[in-house]
Each structure stands twice: as C-alpha cells, then as structure tokens.
Amino acid sequence: MSKLADLHIHTYFSDSTDSPQEVVRQAIEKGLSCIAITDHDVLDGIEPTRLAAESYDLEVIPGIELSTEKDKKDIHILGYFLDYQNPQLQAKLNPFQEARVERVKEILKKLKAFGIDNISLEEVCALTKSKAVGRPHVAALLIEKGWAKDMNQAFDKYLADGAAAYVPKWKLSPTEGIELIHAYGGLAVLAHPMLNNKDEIIPLLVKAGLDGLEVYYANAFDHQIFYYEKLARKHKILMTGGSDAHGQAKKHTYIGAQSIPYELIEKMKERVASRQEGAKNVES
Ligand code: AMP
Ligand code: ZN
Ligand code: FE
Ligand code: FE
C-alpha cells in the first residue's frame with residue numbers, strides 16, 4: 001500500500017488550536033507517513049513539529065501558506081521545501097506578521113465604534129503562539145463574549161469583506177508570493193483553487209513559475225478534483241493535496257481528512273531537485 005501524506009496542516013503558530021505535538025499525534029493515529037506544516041505567513045511551527053515527530057516514522061515537510069491578493073480576492077499560495085531556517089526569509093516574513101498585529105488593532109477600533117469594547121489586543125494575541133493573528137482569532141473572542149453565535153455569524157456581521165469591522169490585510173500579489181517562495185528554494189502551489197473562484201489567473205501564475213495546484217482538498221467535490229487534475233496536466237504542473245486542518249478552529253476538517261499517495265511527494269522532490277540543479281548551472 002502506498003504511503004499517505006497530508007500537505008496542508010496548520011498549528012497554533014497561526015490559527016489552528018493544535019500544538020505541534022497534537023498534530024504529530026493525530027498524523028500517526030491516521031496512519032500518515034508524511035505531513036507538511038503550512039501556517040499562514042509564519043514558519044515557527046515547522047521546527048517544533050519536526051522535533052515532535054523525531055521518535056516516529058513521520059516525515060515533516062517545511063511549508064507555508066502565504067496570503068496574497070489579486071483584484072481584492074484572497075489568493076493563498078502554498079510554499080513547500082523552502083529554506084525555512086534562513087534568517088533572511090524570516091526577516092522578509094516579519095512585516096507580514098507586524099501588519100497582522102496592526103490590522104487586528106484596526107479591527108478592534110472598528111468594533112469599539114459598534115460598542116464592542118471588551119476585546120483587547122492582548123486577548124487576541126494570546127490565541128496564537130506567534131504574531132500571525134487574524135480574523136479567526138477575533139471571531140473566537142466575539143463568540144466567547146456573546147457578540148456572535150458562531151464563526152459564520154462573526155464573519156457575516158463583523159469580519160467578512162464589506163462587513164462592519166472589515167480591514168484589508170497588507171498583502172503581496174500572487175506573483176510576488178511565488179517569487180518569494182522560489183527565492184528560498186521552495187515550490188509554489190496554488191492553495192484550494194476550488195474555493196477561489198478565480199481560475200482565470202491560473203495561466204498567469206503558471207507563467208510566473210507556479211509549480212502546482214492543490215487538486216486534492218478536503219470536502220472538494222469529485223467534479224472539481226477531476227477539473228483541476230486536467231488543468232494541472234494541461235499546464236504540466238504538480239498536483240498536491242491536504243486537509244487544511246485547523247484543530248478545533250475549523251471543525252469540518254481534520255488531519256488526514258484528505259491524503260495523497262507518496263508518489264506525488266516524490267514528484268515534488270524531483271522538481272525541487274531539478275530547480276536546484278538549474279540554479280547551480282546558472283551560477284557556474
Ligand atoms: P485572515 O488571514 O485574518 O484574513 O483570516 C482568513 C481566514 O479566515 C481564512 O483562512 C478562513 O479560515 C477564515 N474565514 C474567512 N472568511 C470566513 C467566513 N466567511 N467564515 C468563516 N471563516 C472565514
Ligand atoms: Zn487558517
Ligand atoms: Fe487557505
Ligand atoms: Fe490553510
């Protein structure tokens with residue numbers, strides 16, 4: 001039987017409730033051989049997950065899910081196998097996190113104007129182990145304090161694009177996201193294309209060097225998977241997949257809810273190796 005991988009997992013270093021230890025425990029329980037940590041705009045969860053996985057037969061691929069924006073639409077670009085311990089890359093990502101904190105301050109100000117004055121920045125920041133705070137954290141507090149009955153209501157009333165306390169995020173363009181991932185040795189993959197409703201950008205991203213599509217995504221319909229498989233073949237790019245698990249913060253999915261055969265990871269590794277080979281030839 002083929003080994004199985006889940007290449008889209010968040011930790012409490014962004015907006016999941018799961019610690020690295022919990023992620024590893026669940027991955028082993030589900031019989032996975034390989035996982036990727038893909039926190040939003042932050043790399044801090046990778047090393048602790050690798051440490052937690054050391055005594056198991058579990059490969060942990062370094063990853064990230066970069067927030068980018070095109071025509072006011074959120075486009076998430078996954079980066080795999082990047083040089084996650086490179087201090088220059090860490091420094092490049094710092095402004096993303098600073099911007100996230102500033103944005104939460106703005107959201108809280110807007111909420112205050114609506115009479116919601118019992119949510120502090122400290123409380124929001126306490127919900128993640130890094131500085132990658134976001135709307136899901138504010139939503140959790142809106143629910144806890146009785147301002148919204150669930151996530152959907154918190155977003156609809158306050159946090160969604162166009163709602164009362166919406167504040168846009170400082171973002172890269174998808175092309176800049178791809179460049180950033182490539183500059184640090186990674187593969188760039190378009191996350192959950194079936195949620196974006198923006199397929200027309202795929203050829204542009206391929207031109208910019210996109211390496212793959214996240215074809216296999218938890219809860220995607222078969223016809224969507226079929227469609228993106230065809231598209232990936234047409235553009236001669238990779239197919240990846242994962243659960244987008246967020247622990248208790250997103251209950252409709254969980255680690256292993258979507259897994260892919262390890263053969264697809266081997267193809268990713270071949271592509272990383274040939275890119276590094278190409279880079280060497282350019283240097284010499
Ligand atoms: P942020 O990165 O702070 O803009 O938050 C984006 C995250 O909020 C996404 O990854 C989703 O998990 C979540 N989100 C966005 N829109 C909604 C919505 N309408 N209902 C529930 N969660 C949402
Ligand atoms: Zn998330
Ligand atoms: Fe995403
Ligand atoms: Fe995600």
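Entry 1, ligand 1. I looked up K250 and found an N or O atom of its side chain 2.8 Å from an oxygen atom of ligand 1, a polar contact being a pair of N or O atoms within 3.5 Å. The model is predicted, so I note that local features need pLDDT of at least 70 and side-chain atom pairs pLDDT 80 or more, while totals for chains, interfaces and linings use all residues. Residues are numbered from 1 along each chain as its sequence is written, chains are lettered from A and ligands numbered from 1 in the order written, and side-chain values use heavy atoms, without hydrogens and water.

I then checked R103, whose side chain has an N or O atom 3.0 Å from an oxygen atom of ligand 1. For R135, a polar backbone atom lies 2.7 Å from an oxygen atom of the ligand. Taken alone, ligand 1 exposes 500 Å², of which the protein buries 75% (Shrake-Rupley method, 1.4 Å probe).

Entry 2, the shell. I listed the residues around ligand 1 (a heavy atom within 4 Å); among them are H40, R100, N152, F155 and K169. The shell divides into 2 nonpolar, 3 polar and 5 charged residues.

I turned to α3 (residues 87-113) and α5 (residues 135-144), which pack at about 35° with axes 10 Å apart (axes are lines fitted to C-alpha atoms over the stretch in contact, and angles run from 0 to 180 degrees). R103, V104, I107 and L111 in α3 meet R135, V138 and L142 in α5 (heavy atoms within 4.5 Å).

Conventions: Helices (H or I, at least four residues) and strands (E, at least two) are DSSP runs, numbered from the N terminus. A polar contact is a pair of N or O atoms within 3.5 Å; within protein, one must be able to donate a hydrogen and the other to accept it, and residues adjacent in sequence count only if both atoms are side-chain atoms. Ala, Val, Leu, Ile, Met, Phe, Trp, Tyr, Cys and Pro count as nonpolar, Asp, Glu, Lys and Arg as charged, and the others, Gly among them, as polar.
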